[in-house]
Amino acid sequence: MIKFIVGRIRSIGYAFKGVWLLITTEASIKVQFVIGIVMTIAGFYFQISTTEWCIQIGTIALIMSVEGLNTAIEEMADFIHPDHHHRIGFIKDIAAGAVFITAIAAVAIGLIIYLPKIL
Ligand SMILES: Nc1ncnc2c1ncn2[C@@H]1O[C@H](COP(=O)(O)OP(=O)(O)OP(=O)(O)O)[C@@H](O)[C@H]1O
């Protein structure tokens with residue numbers, strides 16, 4: 001039991017390290033992080049509702065985690081096959097496509113929440 005708990009705590013430590021690595025080394029995650037902070041400030045400024053907070057937090061978390069997974073896929077692809085290969089290009093393109101889908105949804109959600117408050 002103690003071994004299990006220590007193992008879980010260690011895993012949380014690795015996960016924190018991963019978040020730190022993403023935020024400090026990945027340009028795209030840095031941008032998403034800054035946008036997340038700006039949207040959080042906007043949420044307080046426009047006094048969005050509890051439901052809107054839940055949707056906004058979920059959207060920020062979704063986009064940053066998908067971006068993080070995209071980075072992991074890119075890193076793994078470059079490690080496994082550093083040279084140019086059409087299959088690596090395909091893998092990276094579909095991973096980038098997944099990020100793009102969440103980005104489009106995030107923009108739509110941002111417009112739905114804030115446009116009526118701004119206008
Ligand atoms: N090894 C490769 N073989 C074939 N095509 C590649 C390869 N590496 C990159 N590409 C092509 O270039 C695109 C960009 O790849 P890259 O790894 O530079 O991602 P990026 O979008 O610049 O990364 P980031 O998300 O960090 O900005 C890929 O989507 C793919 O189309």
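Residues are numbered from 1 along each chain as its sequence is written. Because the model is predicted, local features need pLDDT of at least 70 and side-chain atom pairs count only at pLDDT 80 or more, whereas totals for chains, interfaces and linings use all residues.

The protein chain contains 4 helices and 0 strands, arranged along the sequence as α-α-α-α. Its radius of gyration, taken over C-alpha atoms, is 18 Å, whereas a compact globule of 119 residues would have a value near 14 Å, according to a rule of 2.2 Å times the number of residues to the power 0.38. The C-alpha trace spans about 50 × 45 × 20 Å along its principal axes.

An unreviewed UniProt entry lists residues 20–47 and 94–115 under "transmembrane region"; such annotations may be inferred rather than shown by experiment, and their positions are given in the numbering used here, with feature names shortened. In the model, residues 20–47 are 89% helix and 0% strand, with end C-alpha atoms 29 Å apart, while residues 94–115 are 100% helix and 0% strand, with end C-alpha atoms 31 Å apart.

Buried residues account for 11% of the 119 residues in the chain, a residue being buried if 20 or more other C-beta atoms, placed from the backbone, lie within 10 Å of its own, exposed if 12 or fewer, and partly exposed in between. The largest nonpolar core consists of 5 residues, L22, I29, I60, I63 and M64, and helix α3 (residues 50–80) supplies the largest share of this core, 3 residues; a core is a set of buried Ala, Val, Leu, Ile, Met, Phe, Trp, Tyr and Cys residues joined through C-beta atoms within 7 Å.

Q47 lies in the loop between α2 (27–45) and α3 and, although not a glycine, has a positive phi of about 50°. Q47 counts as exposed because it has 8 C-beta neighbours inside 10 Å.

Definitions and conventions:
Helices (H or I, at least four residues) and strands (E, at least two) are DSSP runs, numbered from the N terminus.
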